[in-house]
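I opened this model to go through its strands, ring pairs and helix packing. My notes follow in the order in which I looked things up.

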Amino acid sequence: MLVSESSEEYGGSQISEVLYLGVSKLSDRDILGIIRQWKRGRPVRDLADYHHVSRQRIYQIIAAYRQTGCYPYPQTPGRKPAQIPHETETLVLAAHDQYSLGPTHLEKKIEEVDGMHIPHNTIYRILLEHGRVEVCMKKRKQRKWVRYERDHAMSLWQGDWKMISLDGQNRWLIAFMDDSSRLITCYGVFDRPTTHFTMQILEQGFREYGTPLEILTDNGSQFVSARNPKTADHTFRKFLESHGIRHIRARVNHPQTNGKIERFFGEVERRAHRFGSVDAVVHWHNEIKPHSSLDYDEPAHAFWYRLPPERILGYAQRWMDAQE
């Protein structure tokens, strides 16, 4: 129970002098989300509609928070959560600083590196208490989806251009990703997106990994002719044909077809400023971040065990030739 010593008025709604918050259908998480969203300027009406409570209830929570500076959590029945050991908390925070992963991925990474299993719910509690994660008001229902991916590495590469902000300047990032393993095979940053730079980056990827069977792109002018995408000759089309690669074009106005590389671009936009460079983000993506679609393995590992046998023999021959 929280008792206010004086009444306050918000938007014409009078707050009673006694704020009883002991009985409520709002959970701790709900109240935390209400306070945080209110701080960001979310209207009281929207908060009340979302949580299916009256506006006066929202005003009570705000008033109690402004009086005490503490979140007015309701008294909930049942056993309280066990206190998290200081050593566990320190380990989780250090791992979060090092790997920059969410609770689910961090659970797998800590178990792999430190040999200690910490449930992701516990990790979430620690990160939440230290302001490392935020409570989202929009609780989305689980979506029904089907994963489309190739069974073997080097079957298909996805590629695209994306404008990003680096050091206060807009630059163009080109990247290609192996569809099966999510490995970024080649990438580059340029002042403008051109077909020449696209082929230049692909040549680097071919020298390191070989040529994939197919390459998927959108219908940008760097990849197809603007006049007649299906039949007109294009430098990029001839380039792929010279390497024996089949070009697959995504459906027009359907970025989901190239969804994996688009997801990577989102990571670059969120993390390039923190990591300091695109190179660091690519290293984190390929070597450090476990992917749930890869059974929480890293792309750099998944790439090799997803190779078909003939590819493995080819790489072995290349390594032997390089040593001679």
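Entry 1, hairpins. I started at the hairpin of S5 and S6, where two residues lie between the strands and Asp-167 takes a positive phi near 55°. The model is a predicted one, and I read every value below with that in mind. Next I checked the pairing of these two strands: S5 (residues 156-166) and S6 (residues 169-178) run antiparallel over 10 bridges.

I then followed S6 into its other hairpin. S6 is joined to S7 (residues 184-190) by six bridges, again in the antiparallel sense. Here I found Ala-175 opposite Tyr-187 in S7. The hairpin of S6 and S7 has five residues between the strands, and in this hairpin Arg-182 takes a positive phi near 70°.

Entry 2, the sheet. What is the order of the five strands in the open sheet? I read it as S7-S6-S5-S8-S9, with mixed pairing. S7 and S9 are the edge strands, each pairing on one side only. From one strand to the next, the twist averages 25°. For the parallel part I looked at S5 and S8 (residues 214-217), which are joined by three bridges. One of the partners I wrote down there is Leu-216 in S8, which bridges to Gln-158.

I asked how many of the 11 residues of S5 are buried. The count is eight, so I recorded S5 as largely enclosed by the rest of the structure. As a reminder to myself about strands in general: side chains of a regular strand alternate between the two faces of the sheet.

I describe a pair of aromatic rings by the distance of the centres and the angle of the planes. The count comes to 10 aromatic pairs in this model. I took Trp-157 and Phe-206 to begin with: the ring centres are 5.9 Å apart and the planes stand at 35°, so I logged the pair as tilted. An angle under 30 degrees would have counted as stacked, and one over 60 as edge-to-face. Trp-157 belongs to strand S5 and Phe-206 to helix H7 (residues 195-209), so this pair ties together parts 49 residues apart in sequence. Both residues, Trp-157 and Phe-206, are buried.

My other pair was Tyr-209 with Phe-303. Their ring centres lie 5.3 Å apart with the planes at 70°, so the pair is edge-to-face. Tyr-209 is in helix H7 and Phe-303 is in helix H11 (residues 299-305), so parts that are 94 residues apart in sequence are tied together here. Tyr-209 and Phe-303 are both buried.

I then traced the ring pairs around Trp-157. They link Trp-157, Phe-206, Phe-223, Phe-236 and Phe-239 into a cluster.

Over which ring does the charged end of Lys-108 sit? I found it over the ring of Tyr-296, 5.0 Å from the ring centre. For Lys-109, the charged end sits over the ring of Tyr-99, and the distance to that ring's centre is 5.5 Å.

I looked up how H9 (residues 259-275) and H10 (residues 278-288) meet: their axes come within 8 Å and cross at roughly 120°. That makes H9 oblique to H10. I noted the crossing of H9 past H10 as right-handed.

Where is His-254 found? I placed it in the loop between strand S9 (246-249) and H9.

Terms used: Residues are numbered from 1 along each chain as its sequence is written. This is a predicted model: local features need pLDDT of at least 70, side-chain atom pairs count only at pLDDT 80 or more; totals for chains, interfaces and linings use all residues. Side-chain values use heavy atoms; hydrogens and water are left out. Rings of Phe, Tyr and Trp (its six-membered ring) pair if their centres lie within 6.5 Å; planes under 30 degrees apart count as stacked, over 60 as edge-to-face and the rest as tilted. Helices (H or I, at least four residues) and strands (E, at least two) are DSSP runs, numbered from the N terminus. Buried means under 20% relative accessible area, exposed over 50%, partly exposed in between (1.4 Å probe, protein chains only). A charge sits over a ring if NZ of Lys or CZ of Arg is within 6 Å of the ring centre and within 35 degrees of the ring normal. Two strands pair if DSSP finds at least two bridges between them. Axes are lines fitted to C-alpha atoms, for helices over the stretch in contact, and angles run from 0 to 180 degrees between N-to-C directions. Angles under 35 degrees count as roughly parallel, over 145 as roughly antiparallel, 65 to 115 as roughly perpendicular and the rest as oblique. A crossing is left-handed if the near helix is turned anticlockwise from the far one by less than a right angle, and right-handed if clockwise.
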